Amino acid sequence: MDGAAASTRATRPWWLEAAPSETPGLSQLQAQQALARLGPNSFEASKKQWLALQFLARFRNPLVLVLLAASAVSAATGDVANFAIIMLMVLLSVTLDFVQEHRAGRAADALRDSVALRASVLRDGRVQEVPVSALVPGDLVLLSAGDRVPADGRVVEARDFFVNQGLLTGESYPVEKRPGALDGGAVELQQALNAAFMGSTVVSGSARMQVMATGPATALGEVAHSIQADPPPTAFETGMHHFGVLLMRITLLLVLFVMLVNLALHRPLLDSFLFAVALAVGLTPELLPMVVSVTLSRGAMRMAASRVIVKRLASIQNLGAMDVLCTDKTGTLTEAKISLERCVDVDGHDAPRVLMLASLNSAFESGLRSPLDEAILARKVDVSEWQKIDEVPFDFERRRVSVLADRGDTRWLVVKGAPEDVLALCNRRERDEGRALAPLDEAAREGLRARCHALEREGLRVLGVAWREVPKDHPHADVRDERELVFAGFAAFIDPPKAGAGAALAALARSGVAVKIVSGDSELVAQHLCGLLKLPVKGVLTGQEIAHMDEAALRARVGRTTLFCRVNPAQKNRIILALKARGHVVGYLGDGINDAPPLRSADVGITVDSAADVAREVADMVMLDHDLAVLHEGVLEGRRTFGNVMKYIMMGTSSNFGNMLSMAAGSLFLPFLPMLPSQILLNNVLYDLSQAAIPLDRVDPGDLRRPRALDMAFIRRYMWLFGLVSSAFDLLTFWILLRVLHADELLFHTGWFIESLVTQVLVIFVIRTRGRPWASRPSAVLTAASLTVVVVALLLPLTPLGPLFHFEPPPAAFFAWLLVMVVAYLGLAEAAKRFFYARMSASRRPRHRAMAHL
């Protein structure tokens with residue numbers, strides 16, 4: 001957003017008001033009272049909707065409303081029994097959906113709360129960690145590099161405090177904030193140098209900030225509707241939407257067809273209408289939202305047991321569908337226990353002076369210290385005779401940090417960063433431990449580049465160190481001072497491969513997930529690491545090469561590239577978007593400030609609990625252990641989740657669709673309705689009860705071997721094949737009931753109700769596995785639920801409830817026929833399943849070969 005979005009305010013902004021002389025912070029009691037009065041520091045509704053209102057909201061479903069209207073018409077015409085039955089069925093279905101999804105939602109909320117952002121606040125005279133949502137005006141917040149500014153506030157104390165507030169102002173570079181008063185003309189956000197605003201990221205330094213505005217009252221809150229947009233729908237969510245549209249079209253066609261047929265045959269209008277509506281309800285998988293929510297929530301809880309916290313439930317399925325994982329190498333593929341291996345001068349000799357300069361830079365750096373800084377400081381070089389004057393903090397465009405330090409007799413600017421960037425700023429080099437200087441001509445540059453590459457080929461990460469003397473009265477440091485430097489030498493670090501990383505990479509590869517390394521490090525270092533981990537490198541791209549590529553060229557290269565090296569944050573984001581444009585489901589694992597854009601753009605963003613606030617905020621998942629083996633378990637869990645959701649979808653698009661198609665076809669030749677509306681609704685509720693246990697089912701190992709996405713072509717073909725098979729078998733059942741058993745209307749309704757419910761419930765044991773049903777053991781809960789519904793279907797006509805639903809006890813011959821028909825139908829379903837998967841495998845084999853070639 002540009003400056004116009006942060007427009008001049010009509011009233012005098014608070015950052016122009018005089019600051020109080022003391023800011024002691026609040027007491028806990030004061031904070032609680034302010035929170036109760038002002039509400040939480042968030043853009044969400046302050047109060048959740050009452051449970052009763054959430055339950056009533058379920059009745060806004062169009063089909064439910066039509067059913068309620070139909071039941072009201074039944075009551076008005078004196079059919080009280082039909083009214084009561086329809087109301088009971090609707091209430092049971094809605095209640096089952098609400099209870100299961102509410103329980104799943106509460107469990108998921110509890111997991112998300114466990115990794116919610118927290119802020120360091122001074123309350124009751126001591127520092128406390130509180131949720132960001134609990135901040136109130138008057139709180140004194142402590143900020144440091146890597147933090148997300150949690151509210152709008154006045155800077156009270158600051159030390160080299162730089163923030164990136166581009167989200168609000170569009171500024172691309174960090175801005176330094178200092179305490180103090182401003183002149184009356186500074187009414188725009190860009191001019192408020194004594195204030196920090198919610199959504200900004202602390203790049204370097206530290207500060208104390210007094211909160212002045214929270215939640216919707218912040219500058220970010222004023223434009224939250226435009227910049228706090230919901231993330232784009234995932235591939236799974238888009239697929240579910242397309243599935244819903246497909247069913248809606250089929251339902252509409254069937255309902256119109258049935259209505260026209262019944263009107264043409266001069267059947268009672270009310271009965272025809274109720275039958276058509278019940279037909280629509282029978283075809284609609286109204287439990288699908290509940291099954292998806294419960295399955296995803298159960299997956300989230302199982303992943304929590306593996307120390308992975310899921311913030312966005314839909315990302316579990318994306319993790320299972322992921323076929324490309326982009327990750328940095330430090331801490332993921334390596335131990336993140338970086339140690340300083342050596343410091344060498346321009347001639348390649350060990351150089352204590354280079355260590356001293358590097359230590360001087362790292363000791364006075366106030367930004368987010370990297371593991372490289374920690375490794376330098378671990379050498380404990382004494383720099384006490386130096387005093388820090390100023391610094392130019394690290395940023396990912398410059399890839400260096402500069403410190404201005406004074407020793408009393410001299411003042412130096414010491415620069416440390418990426419070797420090629422530091423070398424580009426130098427025009428001289430040290431000789432003889434700094435006692436002599438020599439020009440840095442092109443031949444010397446080439447020699448230094450070769451020395452750097454030799455270190456990198458050993459797997460060492462290298463930083464360049466340079467300096468220059470400035471006048472003793474030089475007051476501040478800025479980017480313009482980084483020129484005409486004296487190159488001192490290299491600091492080389494070692495970070496050994498993580499134990500188990502190679503095995504985890506191999507496991508991901510066996511599971512169909514390609515790992516790509518996206519790093520700011522040298523390609524030589526990354527290639528050395530890949531060799532140690534036995535990760536095949538198909539191609540290498542550097543940031544410099546990517547900078548000269550347009551989007552089409554980058555899309556053409558990313559598929560056959562394993563290493564992306566020396567890349568900046570914008571290039572990381574371009575890589576993710578290019579992979580997605582090629583049709584991949586992409587995961588990104590990162591933990592730094594610079595990882596926020598690719599974390600947001602990836603299909604599933606993954607970070608660790610020790611990550612920068614901004615990374616944890618935008619990530620979909622937070623790993624409590626930085627371990628690829630844990631991530632592989634998460635991938636398998638995502639595939640289990642997807643497998644169980646697909647079982648319900650396949651059930652709804654096979655026997656359900658077939659039964660509804662049979663009813664529509666039966667309307668053409670039967671002298672009565674194939675099944676009464678109340679019987680259709682009862683059938684639907686009992687069937688839903690049997691399928692509510694699908695989220696608890698086991699998933700075959702074969703379904704975990706490869707990524708799977710919601711394929712609408714697959715679902716359509718499956719629906720038509722199994723729907724037609726089921727419908728053909730139903731028509732055979734109609735013939736047996738009418739011609740063999742000579743059934744009247746009551747017996748026909750009874751017989752087909754039992755047969756249709758028993759077959760569509762039991763076929764789950766065929767559909768739930770791609771292999772042989774007897775070789776794949778279902779969960780005990782699914783087995784018990786299914787068999788219980790079958791028993792209820794068999795016994796219901798024999799109970800006093802039978803007449804209420806217009807059933808009559810069938811003759812013994814019917815049960816003999818039923819046994820034959822069920823066995824025949826399950827055998828036919830198994831044969832159709834094998835035929836279907838064989839055809840699908842044959843049609844996809846050339847595509848797989850092409851993908852393997854890529």
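**Cysteines and salt bridges**

Mentor: Cys-530 counts as buried, at 2% relative accessibility (buried means under 20% relative accessible area, exposed over 50%, partly exposed in between, with a 1.4 Å probe and protein chains only). This is a predicted model, where local features need pLDDT of at least 70 and side-chain atom pairs count only at pLDDT 80 or more, while totals for chains, interfaces and linings use all residues. Residues are numbered from 1 along each chain as its sequence is written, and side-chain values use heavy atoms, leaving out hydrogens and water.

Trainee: How many disulfides are there?
Mentor: The count is 0 disulfides, a disulfide being a pair of cysteine sulfur atoms within 2.5 Å.

Trainee: Changing topic, how many salt bridges does the structure hold?
Mentor: It holds 32 salt bridges, each a side-chain nitrogen of Lys or Arg within 4 Å of a carboxyl oxygen of Asp or Glu. One of them joins Lys-416 and Asp-373, at 3.0 Å from N to O.

Trainee: Which parts does that pair tie together?
Mentor: Lys-416 lies in strand S13 and Asp-373 in helix H13, so the pair ties together parts 43 residues apart in sequence. Helices (H or I, at least four residues) and strands (E, at least two) are DSSP runs numbered from the N terminus.

Trainee: Is Lys-416 buried or exposed?
Mentor: Lys-416 counts as buried, at 6% relative accessibility, and Asp-373 is buried at 3%.
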